[in-house]
Amino acid sequence: MFKTILVPTDGSHLSDKAIATAIEFAKFSSGKIIALSVAEPYPFSPMAESTMATDPGTYEENMLALAQLNVKKVADAARDAGVPCERLTAQAFNPDEEIINAAEKYHCDAIFMASHGRSGLSRLFLGSKTQRVLAHSTIPVLVLR
């Protein structure tokens, strides 16, 4: 049975499904939740330097604050259900790598995450963080759409 479940969240409505499912499963199996939100750093581009509208430091502070709110949302829902929860935030250009690293570091048994379900050209150009987690994870990944 899965006792330690990693729940990566971006704060979206779709992530809420993964959160609820993970909490329900953890409660049923007397497990715990590891909530993770990854803030993406300022997208630096040398060509856009002169037209920069946002201060990179402020941008990154805001993104980290948002990541903290995302994991607080998971922790609050887990607490209300009586499920232990640990909060993690990270900053990285590749959230999928942070998800895999957190799963290993915290000895997670499974990852419950949402997929935005993009298809066609948007999937080709944007890539799929969920797809990369599925490809590189050594533990089960439950994907909710």
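A polar contact here is a pair of N or O atoms within 3.5 Å, where, within protein, one must be able to donate a hydrogen and the other to accept it. I keep in mind throughout that this is a predicted model.

**Entry: aspartate 76**
I looked up aspartate 76 and found it in helix H2, residues 56-81. Its side chain makes a polar contact with the side chain of lysine 72, at 2.7 Å. I then checked burial: the relative accessibility of aspartate 76 is 19%, and the cut-off for buried is under 20%, so the residue counts as buried.

**Entry: strand S2**
I went through S2, residues 32-39, next. Seven of its eight residues are buried, so the strand is largely enclosed by the rest of the structure. I traced its pairing with S1 (residues 4-8) and noted five bridges in the parallel sense, with threonine 4 opposite lysine 32. With helix H1 (residues 13-28) between the strand names in my list, I recorded S1, H1 and S2 as a right-handed β-α-β unit. S2 also runs parallel to S3 (residues 85-91), joined to it by seven bridges; there, valine 38 has alanine 90 as its bridge partner.

**Entry: nonpolar cores**
I looked up the largest nonpolar core and counted 17 residues, with Leu6, Leu36, Ile99, Ile111 and Val133 having the most contacts inside it. S2, S3, H3 (95-105) and S4 (110-114) each supply at least two of its residues. H3 gives the largest share, four residues. I then listed what leucine 36 touches beyond four places in sequence; among these residues are Leu6, Val71, Leu88, Ala90 and Ile99. Another core, of 14 residues, lies apart from the largest one and includes Ile5, Ile23, Val74 and Val83.

Terms used
Residues are numbered from 1 along each chain as its sequence is written. This is a predicted model: local features need pLDDT of at least 70, side-chain atom pairs count only at pLDDT 80 or more; totals for chains, interfaces and linings use all residues. Side-chain values use heavy atoms; hydrogens and water are left out. Buried means under 20% relative accessible area, exposed over 50%, partly exposed in between (1.4 Å probe, protein chains only). Two strands pair if DSSP finds at least two bridges between them. A crossover is right-handed if, with the strands pointing away from the viewer, the path from the first strand over the helix to the second runs clockwise. A nonpolar core is a set of buried Ala, Val, Leu, Ile, Met, Phe, Trp, Tyr and Cys residues joined through side-chain atoms within 4.5 Å. Contact means heavy atoms within 4.5 Å.
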